[in-house]
Amino acid sequence: MGIRVLAISQGLGNAMPVYADSSAQVDFFIHGYTKLRFMGQDVYLTTTHISMIIVILAILVFALFANRAIRKADPNEVPGPFLNAIELIVEMLDKMVAGSMGSKNALKFRNYVSALFIFILVCNLSGLLGLRAPTADYGVTFPLALITWFMIQFNGFKYQKFGKIKGLFEPVFLFFPMNLISEFSTPISMSLRLFGNILSGTVMMGLLYGLLPKVLTLVWPAALHAYLDVFSGCIQTYVFCMLTMCFVADAIGETE
């Protein structure tokens with residue numbers, strides 16, 4: 001006999017009731033657990049929300065311990081392993097931003113890019129802990145891309161002034177429609193790239209764990225986790241942040 005669960009359509013955020021057999025083990029949907037009433041609308045606490053809360057809490061706890069370790073660090077003593085790890089992360093992120101945006105622009109954007117990198121990376125790696133990666137939901141990746149798009153437009157008008165509008169008509173006036181479409185397609189392409197790659201890994205691992213015998217799932221999926229969660233997750237994090245830096249740096253131009 002089937003049991004009724006609430007599944008959220010991937011990427012669309014539309015709640016639709018579906019019936020799943022209680023013996024079925026394949027599950028990579030977004031489920032709604034608690035229904036709330038907000039401004040006359042039904043709002044659900046979903047798998048994505050729960051995963052994001054866990055990810056954000058994990059990052060906050062790490063940040064608190066890191067802040068405490070830095071404040072209590074003695075410059076006359078050799079730093080411990082934890083402090084060395086923090087310094088390595090900060091230096092790596094600073095070099096990444098400076099290498100893509102220049103040392104002068106890096107001072108303005110390194111905090112945002114670093115926060116973006118850490119958040120997306122932890123979201124992508126959360127599948128290793130049995131969570132459904134929040135970045136496998138288009139409702140997460142699209143707002144992240146929108147933030148980047150607004151930063152592009154803001155810095156474009158700030159530094160280029162009317163040159164930003166003039167660029168839409170270059171090299172000739174006939175290119176205006178294509179340039180305009182290209183401008184507005186940036187958040188869509190960035191969000192779909194991240195969403196599609198992470199979702200495909202989530203679906204593949206869900207099918208693997210649901211269809212294989214339990215004995216095989218104890219060993220064999222480890223290799224796929226290494227690729228789909230670790231390797232692919234790190235690559236997609238780097239690509240998203242690199243595109244963010246390149247687009248913003250291009251919007252600033254050579255005025256800095």
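This is a short tour of one predicted model, stop by stop, with a residue or element to select at each stop.

**The whole chain**

Start with everything shown and coloured by secondary structure. The protein has eight helices and four strands. Following the sequence, the order reads β-β-β-β-α-α-α-α-α-α-α-α. The protein has 256 residues, and 35% of them count as buried.

**A nonpolar patch on the surface**

Keep the surface on and select Tyr33, Leu45, Ile50, Ile53, Ile54, Ile56, Leu57 and Leu60. These residues form a nonpolar patch, with about 700 Å² of accessible area together. Which element supplies the largest share of the patch? Helix 1, residues 47-71, does, with six residues. Now pick out Leu60, a member of the patch that lies in helix 1. Leu60 counts as partly exposed because its relative accessibility is 47%, and the cut-off for exposed is over 50%.

**Asn105 in helix 3**

Hide the surface and go to helix 3, residues 103-125, where Asn105 is placed. Is Asn105 buried or exposed? Asn105 is buried, since its relative accessible area is 8%. Show its side chain together with the backbone of Met101: a polar atom of the Asn105 side chain lies 3.2 Å from the backbone oxygen of Met101.

**Two cysteines**

Select Cys123 and Cys234 in turn. Cys123 is buried, at a relative accessible area of 0%, whereas Cys234 is partly exposed, at 32%. How many disulfides does a search of the whole structure find? The search finds zero. A disulfide would be a covalent bond between the sulfur atoms of two cysteines.

**Gln160 and Lys161**

Move along to helix 4, residues 138-160. Gln160 lies in this helix and counts as partly exposed, at 27% relative accessibility. Show what surrounds Gln160. Leaving aside neighbours within four places in sequence, Gln160 is in contact with Asn155, Asp250, Ala251 and Ile252. For one of these, Ile252, draw a distance from C-alpha to C-alpha: it comes to 6.9 Å from Gln160, although the two residues are 92 apart in sequence.

Then select Lys161, which is in the loop between helix 4 and helix 5, the latter covering residues 163-166. Lys161 counts as exposed because its relative accessibility is 51%, and exposed means over 50%. Most residues other than glycine have a negative phi.

**Met205 in helix 6**

The last stop is helix 6, residues 176-211, which holds Met205. Met205 counts as buried because its relative accessibility is 6%, and the cut-off for buried is under 20%. Met205 and Asp229 are 24 residues apart along the chain, and their C-alpha atoms are separated by 9.6 Å.

Key:
Residues numbered from 1 in each chain as written. Predicted model: local features only at pLDDT ≥ 70, side-chain atom pairs only at ≥ 80, totals over all residues. Heavy atoms only, no water. Helix = DSSP H or I, 4+ residues; strand = E, 2+ residues; numbered from the N terminus. Buried < 20%, exposed > 50% of the residue type's maximum accessible area, 1.4 Å probe, protein only. Patch = residues over 30% accessible without salt bridge, like charges linked within 9 Å, V, L, I, M, F, W, Y side chains within 5 Å. Areas by Shrake-Rupley, 256 points an atom, 1.4 Å probe, with all protein chains shown as cover. Salt bridge = Lys/Arg side-chain N within 4 Å of Asp/Glu carboxyl O. Disulfide = S-S within 2.5 Å. Polar contact = N/O pair within 3.5 Å; in protein donor to acceptor, adjacent residues only side chain to side chain. Contact = heavy atoms within 4.5 Å.
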